Amino acid sequence: MSAFIRTADDLERLGAAGAATLYPATLKILIGSASCGLAAGAREVEAAALDAVKEFKLDATVSRTGCIGFCQQEPLVDFVCPDGPRVSFGNVTPAKMRQLLSHFAQKGTLPAEMALCRFDSEENVPAGQTHRYPPSANGLSKVPVWTSLDFYRQQQRVILRNCGSIDPMSIGEAVARGAYRGALRALTQMKPEQVIAEVLASGLRGRGGAGFPTGRKWDFARQRDSAVKYMVCNADEGDPGAFMDRSVMESDPHAVLEGLLIGAYAIGARHAFIYVRSEYPLAVATMQHAIEQAQTHGLLGENIFGSDFSLKVEVRKGAGAFVCGEETSLIASIESRSGEPRSRPPYPATQGLWGQPTVINNVKTLSSVGPILARGAAWYAGHGAEGNRGTTVFSLVGAVKNTGLVEVPLGIPLREMVQRIGGGASGKRPIKGVQTGGPSGGCIPASLFDVNVDYEKLAAVGSMMGSGGMIVIDTGTCMVDLARFFLTFTTEESCGKCAPCREGTQQMLRILTRICAGQAQSDDVDTLTQLAVTVKAASLCGLGSTAPNPVLTALRYFRDEFDAHVRDHKCPSGVCRNLTTFVIDAHACIGCGRCKKVCAVDAISGEAKSPHGIDSKTCTRCGACRSVCPVEAVVPA
Amino acid sequence: MIADKRSPLPAASSERAMPCGSVLVCGAGIAGIQASLDLSAAGFHVYLVEQSPTIGGAMARLDKTFPTGDCATCTISPKLVACMRDLNIDVLTMADVVKLDGEAGHFQAQVQVRPRSVDADKCTGCGDCIEHCPVRNVPQAVEPFQPSMPADAAQTALLDASLARHGAEASALIPILQDINEECGYLPRTALEALAAKLSCPLAEILRVASFYNAFSLKPVGRHIVEVCLGTACFVRGSGMLLERLTDELGIAVGGTDKDKRFTLRTVRCIGCCALAPAMRIDGVTFGKMKLDQVANILERFE
C-alpha cells in the first residue's frame, strides 16, 4: 500500500509526479475538452493534433484539460512551448490545428498573430506559489498576456483555479496545483472545531444562492449528537443558464472532493454523496473517476492521512427534476423517493438524509474550502467586500460579445460585468437588461447597472444571486414572453404538492399566454400582480416562493412592454406573433437569400444581391428569417 | 317529504316527466352515494344496495384525492351523513341483488340481506365489539404482488445485474430505474412489474417515482433521441424557433416518436452549454450555435 498518502512528503511526491506531466520538457498540446469544448468540436481537433504530431514527427504530447471559461472561443487549444510561455488559440478547427503544428515543425515557434493570449506564469492558489514559464521567445512576446484581455482582467480565480489548466483525469496534476493541501492541514493539524472556526472566519457563504454562512451550517450539524451524519454536495445545477458547477466538476473534480473531505471531517460524517444532474454525463463520469483515484491514494476511504477519520463518497445521479436542487427535495431524491420538498424547520443540518444531520453544500462552496484551509481565513477574506467575502463564479451568457464563466470578487458593479468583461452587446441591438438567478430571479434593467453584485444588493432590486447565471438580454427579447417562458418552466417543474404554487403558477401562465397572444383583458395585469404576490407569500418551498420573481421584476421595470401588448396590441420586440409584422430594411439587406431559403411558407421574395421583401399575408411571423439574417435587416414594423 | 317533491308540475310538462317509482343503486361508494343523493333530490325513491357492512367504499379509506390533493374525508363525510338522513334513500347494507326481472322503466329486483347479528336500532356504534373480536384482529398478510406478464430474459438479466450492483432495497430505486431506462431507452411495464415483485414495493410507488422525473420515459422511444435545450440562454437566442423547425421537419410533437421509430423529440432543461446557445443534443452529441437552416442537414446524419 505504498501509494497511500499519509504525510506532507507523500503528497509532495505525488505532486512532483503530476508536475512532470503538467509542465513537460517537450511541446504540450492542451485541448479544452469539457462539454462546451466537445460541443464545439474538440474531439475532431484532438484527432487532427494527433495526426499532425505523427505527420511532422514532433516530440509532443497531446493532453486534455477542462474548461478555462472563455466559452465564446471554444474549441480552445493551449500550447505549452518547451522554451516559452503557454499560448492559447481560440476557435481552433482541425485545419487550423494542422496549420499551427506545421508552423511549429518548420519554425520551432507558433504564429503570434493567430494567438488569443499567452500565460507567462500560473498560480498554484492553495500553495500561494507561482510557476513561471521561460520568458517569451521567438516573437511570442507580441501575443497579449491573458490578464490584459478584458474578459480575464478583473477575474480572481479561486474556485476556477485549476480549470482549464490541469488534466481532470489526473490526480497528480491536481496535487501539483495544490489539491488536498487544505485537507492535509485540517485532518492532521486541526480539530474539527478549529476547521469550522477557520471557515467561519473566512466569511464564506453558500454559493448555491441563499448565501447562508457555511461555517454556521457546519456548526449546527457538528453539535448534533448523532452517530450517523451525512455530507452532500449539491451539484443539481438546475438553473437554466448556469453551468459553472458542471465546469468545475468536469475540470477540477478533486477541488470538490477536497471540500467534501474537509466538511465531512468538520461535522463528523463518514458518508458523503454528490448529487449530480443526469443532464451532465461527463461531470458524472469525471467525478466518479476522481473518487476512484482518490481512493487508490488513500485520500478517501479508511484512515485518511493516517488519522482515524474515514470517508466514503458516492455519486448519485439526478433524474431530471428542477425542484431537486431544493435541499429537502434533493434528500428525497437521494432516498429514491419522488422529489417533493417538505417544510423547514427542521433543517437538514438537524434532520436530513434518512433522518440524520446532513450538510448540503453547493459545488462552488466546497471548491472554495480547500484554499481557505490551505492559506487561512484572512487570505480568503481579503477578496470581496464587507459581508460578502470571497469570489464567486458567474456564467455570463446571452447577448454579449464575450460569453463564458467569470470568477470575480463579490461586490463588483453589474456594469463592469456586462460592458467590460462581457464586451457589450453582441449584435446591433442594445442591451436592455440582465436576468440573474434563473427562474427564481429577476431581470435587472440597464438603468440599474450600477448596482453591486452581492447577495443583498441583488435582492434589494428584486432579483437574486441564485447560482450565478447571468443572461444578458437585448431589445430582441420580449419581456412578457420571457416571463411567460419562466412561468412555463416553473409550472412544469412544480412538484404539485402545495396549492399556491401548483395552481397559482398555472393561472399566471394562462394570463401571460393570453397577453402574448394579443387576447389580454383589461384587468389581466392587475390579476397577474395579485397572483404573483400570493404565490410568493404562500408557497411551501423555494421553487414556489421565487417563481413569481421574473413576473414581478418584469412588471416593475418593463411595465411599458406589458402596456404595449395589452393596450396597443403591439410587441415592441417583435417576438409575440399575433402582435408583430416583419419587414425587411431595404437599406440594410445585402440580398444573401438566407431568409428566403429558411422561410417555411415562401413568404419572402427577391433576387440575389438585391433587397428582399416579405409578403405579410403569407408570413406566419415565425421569426426564422430574422434569426438567420447576418445583417439584422429583418425588423418588426 | 316525498309528497313535497311530487308537488304539481308546471302545466307545460307532460305526465311522463313526473318522477315516479323508485330506483335501485348498486354499490355505496362515492359514486353510488352521489347518484342516490342526486336521484333523491330529483324526487325519486332510492334503494341503495351495498355488499359490505358499511357505506363509503374506497374513498372513506383514502387520505387525499388525486389530482387536487383534497382531503378525502372532508369530501365524503357530509355525503355519508346526508345519505343516512335522507328519507328518500333506503340504505341496504350487507345486501346482494340476487334477481332482476322486467324491462326498462319497470324492473323488479330481489335483494337478499345477510344477517348482521347486531340490532341496528339499539347499536350506538361505540366500536367496543370490534376491539374485542378475536377474529378481526388477526393480522392479514398482504398477498405478494403478481406481475401480469413475465419480463423477458434480457430484462430479467438487466434487473438482476442492477439489483446486484445497487442492492435490492427501495432506497436504490432511482439508480435501478436509471439502469433500465439507459439500457431500454424507456421503462417497460414488464420490467417495472418484475422490479416491484423483487423489491416487495408496490407498483404504484414505482410508477410514482418513474412518472415524477423527466429523465424517465414510460413509452418506447426511437433509435435517435433529439433533445432541444430550453434553458434561458438558448431561449433568448431562439431555441423556441429551433424546436418548431424540428417538429415541422420530423412531423412529430414534443415527446413524440415518428412512425419509422427513427427519432424521438424531447426538450431538456439546460444542458449547460449556454455559451453555445441555441443548442440541441442528438444521442448525447451536442450541436451548438444552431442555425435553422442547418437542421435538415444534421438530421440526415442520423439513420
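Student: Is Trp354(A) buried or exposed?
Tutor: Trp354(A) counts as exposed, because it has 12 C-beta neighbours inside 10 Å. The rule is that a residue is buried if 20 or more other C-beta atoms lie within 10 Å of its own, exposed if 12 or fewer, and partly exposed in between, with C-beta atoms placed from the backbone.

Student: And what should I keep in mind about the model?
Tutor: This is a predicted model, where local features need pLDDT of at least 70 and side-chain atom pairs count only at pLDDT 80 or more, while totals for chains, interfaces and linings use all residues. Residues are numbered from 1 along each chain as its sequence is written, and chains are lettered from A and ligands numbered from 1 in the order in which they are written.

Student: Where does Trp354(A) sit?
Tutor: Trp354(A) is in the loop between α13 and β11 of chain A. Helices (H or I, at least four residues) and strands (E, at least two) are DSSP runs, numbered from the N terminus. The phi of Trp354(A) is positive, about 45°, although it is not a glycine.

Student: Which peptide bond is cis, with omega near 0°?
Tutor: That is the bond from Pro345(A) to Pro346(A). Pro346(A) is also placed in the loop between α13 (327–334) and β11 (358–362) of chain A. In chain B, the bond from Ala277(B) to Pro278(B) is cis, with omega near -10°. Pro278(B) belongs to the loop between β7 (263–268) and β8 (280–282) of chain B.

Student: Why point these out?
Tutor: Because most residues other than glycine have a negative phi, and most peptide bonds are trans.

Student: OK, new topic. What is the strand order in the open sheet of chain A?
Tutor: The five strands run β2-β1-β3-β4-β5, with mixed pairing. The edges are β2 (60–65) and β5 (117–119) of chain A, each pairing on one side only. Two strands pair if DSSP finds at least two bridges between them.

Student: How many bridges join β3 and β4 of chain A?
Tutor: Four bridges, in the antiparallel sense, link β3 (residues 77–80) with β4 (residues 86–89) of chain A. There Val77(A) stands opposite Phe89(A) in β4(A).

Student: Which helix lies across β1, β2 and β3 of chain A?
Tutor: Helix α3 (residues 42–55) of chain A does, running at about 165° to β1(A). For that angle, axes are lines fitted to C-alpha atoms, for helices over the stretch in contact, and angles run from 0 to 180 degrees between N-to-C directions.

Student: Is Gly37(A) buried or exposed, then?
Tutor: Gly37(A) is buried, because it has 30 other C-beta atoms within 10 Å. Gly37(A) lies in helix α2 of chain A. Leaving out residues up to four places away in sequence, Gly37(A) touches residues including Cys67(A), Glu74(A) and Pro75(A). Contact here puts the C-beta atoms, placed from the backbone, within 7 Å.

Student: How many residues of chain A are in contact with chain B?
Tutor: 49 residues of chain A are in contact with 40 residues of chain B. α2(A) gives the most to the side of chain A that touches chain B, with five residues.

Student: Last one: which residues of α12(A) are buried?
Tutor: Among them are Ala283(A), Val284(A), Met287(A) and Ile291(A). Gly298(A) follows α12(A), with a positive phi near 75°.

Definitions and conventions: Contact = placed C-beta atoms within 7 Å.
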